[in-house]
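Here is a short briefing for a first look at this chain. Keep the sequence and the 3D view open as you read.

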Amino acid sequence: MKPLLKKDIESFLKRFDGFVNSELRFIEIISSSTVKITLAVQDAARDFDWVTISLEFNGVSDAKLPQNSNLNFIDMSEGITLTALENGFIFAIGKYNASNILDSICYIKSSSLKYLQSAY
């Protein structure tokens, strides 16, 4: 896994079109402070071919996570929100700002973030 730096978030989201219409595949709670989310998404760097992206959140301080059995029912038409904070990152399903991100069906606040790209 590679660290996702705060300065690279904008280009990361642009490359994957903000994860609009992606497929939320799996949420894994690795430990009390580590969560991994796996998504299928189109990659602009590969002629919009589908790839799998795993996001690993470390130092999780707050989260709201749906059950894996409900992931197929989550609307990904708005993509994700991924924002750098002074002390970490905020991730959410849908388009939100820092003040209303807790309204999301799924959100994670963490101190660091890594990602892994693999075949579809």
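Among contacts between residues at least 6 apart in sequence, 58% join residues at least 24 apart. Contact here means heavy atoms within 4.5 Å. This is a predicted model, in which local features need pLDDT of at least 70, side-chain atom pairs count only at pLDDT 80 or more, and totals for chains, interfaces and linings use all residues. Residues are numbered from 1 along each chain as its sequence is written, and side-chain values use heavy atoms, with hydrogens and water left out.

**Overall build**

- Helices (H or I, at least four residues) and strands (E, at least two) are DSSP runs, numbered from the N terminus.
- From the N terminus on, the order is β-α-β-β-β-β-β-β-β-β.
- The radius of gyration of the chain is 13 Å, close to the 14 Å from the globule rule for 120 residues, so the chain is as compact as a globular protein of that length. This radius is taken over C-alpha atoms, and the globule rule is 2.2 Å times the number of residues to the power 0.38.
- The C-alpha trace spans about 35 × 35 × 25 Å along its principal axes.

**Surface and charge**

- Of the 120 residues in the chain, 42% are buried. Buried means under 20% relative accessible area, exposed means over 50%, and partly exposed lies in between (1.4 Å probe, protein chains only).
- The chain exposes about 6600 Å², and carbon and sulfur atoms supply 48% of that area. Accessible areas come from the Shrake-Rupley method with a 1.4 Å probe; for residues, only the protein chains shown count as cover.
- There are 12 positive and 14 negative side chains, and the centres of the two sets lie 5 Å apart. Lys and Arg count as positive and Asp and Glu as negative, while His and the chain ends are not counted. Each charge is placed at NZ of Lys, CZ of Arg, CG of Asp or CD of Glu.

- Ser22 sits in the loop between helix 1 (9–15) and strand 2 (23–31). Phe19 is found in the loop between helix 1 and strand 2.
- Ser22 counts as buried because its relative accessibility is 8%. Phe19 counts as buried because its value is 0%.
- A polar atom of the Ser22 side chain lies 2.8 Å from the backbone oxygen of Phe19.
- Not counting residues up to four places away in sequence, Ser22 touches Leu39, Ala40, Val41, Trp50 and Met76.

**Positive phi angles**

- Most residues other than glycine have a negative phi.
- Phe19 is not a glycine, yet has a positive phi of about 65 degrees.
- Phe48, also not a glycine, has a positive phi of about 60 degrees. Phe48 lies in the loop between strand 3 (34–43) and strand 4 (49–58).

**Gln117 in strand 9**

- Gln117 belongs to strand 9 (residues 112–119).
- Gln117 is partly exposed because its relative accessible area is 23%.
- The side chain of Gln117 makes a polar contact of 2.7 Å with the side chain of Arg15. A polar contact is a pair of N or O atoms within 3.5 Å; within protein, one must be able to donate a hydrogen and the other to accept it, and residues adjacent in sequence count only if both atoms are side-chain atoms.
- Another polar contact, of 3.5 Å, joins the side chains of Gln117 and Asp43.
- Leaving aside neighbours within four places in sequence, Gln117 is in contact with residues including Phe16, Arg46, Val51, Thr52 and Ile53.
- Gln117 and Ile37 are 80 residues apart in sequence, and their C-alpha atoms are 12 Å apart in space.

**Ser110 and Asn58**

- Ser110 is in strand 8 (residues 107–110), and Asn58 is in strand 4.
- Ser110 is buried because its relative accessibility is 6%. Asn58 is buried because its relative accessible area is 15%.
- Leaving aside neighbours within four places in sequence, Asn58 is in contact with Ser33, Thr34, Ser110, Ser111, Ser112 and Lys114.
- With the corresponding neighbours left out, Ser110 touches Asn58 and others, among them Phe57, Gly59, Val60 and Phe89.
- A polar atom of the Ser110 side chain lies 3.1 Å from the backbone oxygen of Ser112.
- The side chains of Asn58 and Glu56 make a polar contact of 3.4 Å.
- Asn58 and Ala40 are 18 residues apart along the chain, with 21 Å between their C-alpha atoms.
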